[in-house]
Amino acid sequence: MKYCSTRGGETGLTFEDVLFSGYAKDGGLYLPEEIPVLTGPDLTYFSQLSYTDLVIQVLSRFIDSEEIPEPELARLVRQAHATFETPDVVQLKYLTEQLTVAELFHGTTLTFKDLALSVVGRLCDFFLEKRRENLIVVVATSGDTGSAAIESVQNLSWVDIIVLLPKGRCTPIQELQMTTVIKDNVHVFAGDGSSDDLDVPIKSVFQNSAYVKKHHLCSINSINVARILLQTVHYLYCYFQLRKDPCDQPMQFIVPTGACGNITGGYIASQMGIPLQLIPVTNENDIVARTLTSGDFSISEEVKQSWACAIDIQCPYNLERLFYLAANRNTQTIRHIMDAFENEYQTQIQDEILSELQKVIPESISVTNPDILMAMGECFRTKGYTICPHTAVGYKYACDTRKSGKVKPLQVILSTASPLKFPEALEQAGLKKIESKKIDELFQKPTRFTRMDRRQDWESILKDKIEEISAQWAKRLLARDI
Ligand SMILES: *Cc1c(COP(=O)(O)O)cnc(C)c1O
């Protein structure tokens, strides 16, 4: 399998090439050159697999065995999944005959990001070991990405991570999930500022490409194509677990959506031949719902803060991948759309692309902040089941469709985070705090981080750290101490 850019500037890249890259050189995003369509025998075989085995099988369709031999791939995926608290990794909760919640949050940091990042980290380590080359990941975070990134690299041999977090501006649990990881390869800095302020020194360091190359720097983010490919698997898994014979309607997946990485995974699953519908649901930051229902692809004035904070997003960059797949891979069309969007912050998506997308994504809604709390309360009262604010956005959609007289397909809400992470929202929704040993322990653990106050030069602090790590690696490699 080879990879290409959505804007046509690059083709024929290997998986290894794209695994270590962010944006393509032409500004586009990477995707596989073709989507493998599952045949009858594949479907029969896949339907019997555990989630872990399904990940291995799906990845082996997207990564040539010359790049990673299958036994090796299997070992890496099993190692990644061993960090989950449940052996089946993804758990299904049956709320009614027709409505299921897929709990995607049983990884260490309690969000669905662990599903992809735990594996991606190990894939990187595999190639680095082969090359005998280290890597330094640098991220600024406002919450979930930083902790999932730390978690995914903390047990790797060839990777260091530097995280800049905004002191006091993440939730206490998010902050502790970063500062309590005391490992030689994890370096946490807490700055007095917002996550945008923290982006400034990072951007400036990454602008110097010679420096980036010299110190093997890389930035983890949700534009990585490997993350998208891993996010196809929970759709396949739920479909196989839940489908009924004869299935007369596609299964409907309701997905709390921010940057559309998860939805893109679902769209690819549909192109692989799984009969499904996708319903992206957003909070008051409604750009995705607007774009996919009316073609109005325009940025809003500001990001609104909501209880579902992981989807407080203004620019859902993975939409570019959806447009590309729906436009039958016409790169000229994509360049046209993205040029307009990047220059004017708004454009209208052509009807042909929109109607193609709507075959799989028939509807998309935005849910208000008060409705998020109401849905959390209602789910607990009627189902005895506590959900996080993101999952509540999905639950609200499910309730609305059940109340209306519409045809009722089998619905699956993708639950992207554990309610344990959101004690403040639970309280506001009038729900009891959930007891958790894991969370209590987090508050007992020692922490380690370096403070950066406003008067200091953050860029030189960052560079000093990078150069210190590089120097240690040079010494280790010379001494063959790895
Ligand atoms: C990142 C995240 C999302 C959004 O996922 P996208 O792939 O960006 O749409 C939803 N919920 C939670 C809890 C997240 O952490």
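This is a predicted model: local features need pLDDT of at least 70, side-chain atom pairs count only at pLDDT 80 or more; totals for chains, interfaces and linings use all residues.
Visitor: Is Gln177 buried or exposed?

Guide: Buried means under 20% relative accessible area, exposed means over 50%, and partly exposed is in between (1.4 Å probe, protein chains only). Gln177 counts as buried because its relative accessibility is 9%.

Visitor: Which residues does Gln177 touch?

Guide: Contact means heavy atoms within 4.5 Å. Leaving aside residues up to four places away in sequence, Gln177 touches Thr108, Thr109, Leu110, Ser147, Lys421 and Leu442.

Visitor: On to the sheets. What is the strand order in the open sheet of 5 strands?

Guide: Strands of a sheet pair through backbone hydrogen bonds, either parallel or antiparallel. For a pair to count, DSSP has to find at least two bridges between the strands. In this sheet the order is β8-β5-β6-β7-β15, and the pairing is parallel. At the edges are β8 (217–218) and β15 (450–452), each pairing on one side only. Strand β7 (residues 186–191) runs parallel to β15, with 3 bridges joining them. Look for Phe189, which stands opposite Thr450 in β15.

Visitor: Which strands does helix α6 lie across?

Guide: Helix α6 (residues 144–153) lies across β6 (159–166) and β7, and runs at about 160° to β6. For such angles, axes are lines fitted to C-alpha atoms, for helices over the stretch in contact, and the angle runs from 0 to 180 degrees between N-to-C directions.

Visitor: What about the sheet of 6 strands: which strands stand at its edges?

Guide: That open sheet has mixed pairing and the order β3-β4-β14-β9-β10-β13. β3 (91–94) and β13 (365–366) stand at the edges with a single partner strand each, so one side of each has no neighbour in the sheet. Strands β4 (residues 99–103) and β14 (residues 411–415) pair in the parallel sense over 5 bridges, and Ala102 stands opposite Leu414 in β14. Helix α18 (residues 389–403) lies across β4, β9, β10 (276–282), β13 and β14, at about 165° to β14.

Visitor: Now the rings. How many aromatic pairs are there?

Guide: A pair of aromatic rings is described by the distance of the centres and the angle of the planes. Rings of Phe, Tyr and Trp (its six-membered ring) pair if their centres lie within 6.5 Å; planes under 30 degrees apart count as stacked, over 60 as edge-to-face and the rest as tilted. By this rule there are 10 aromatic pairs. One of them is Tyr235 with Phe253, edge-to-face at 5.0 Å centre to centre and 65° between the planes. Tyr235 is in helix α11 (residues 233–242) and Phe253 in strand β9 (residues 251–256), 18 residues apart.

Visitor: Where do Phe297 and Phe341 lie?

Guide: Phe297 and Phe341 form a stacked pair, 3.9 Å centre to centre with 5° between the planes. Phe297 lies in strand β11 (residues 296–298) and Phe341 in helix α15 (residues 331–344), so the pair ties together parts 44 residues apart in sequence.

Note on methods
Residues are numbered from 1 along each chain as its sequence is written. Side-chain values use heavy atoms; hydrogens and water are left out. Helices (H or I, at least four residues) and strands (E, at least two) are DSSP runs, numbered from the N terminus.
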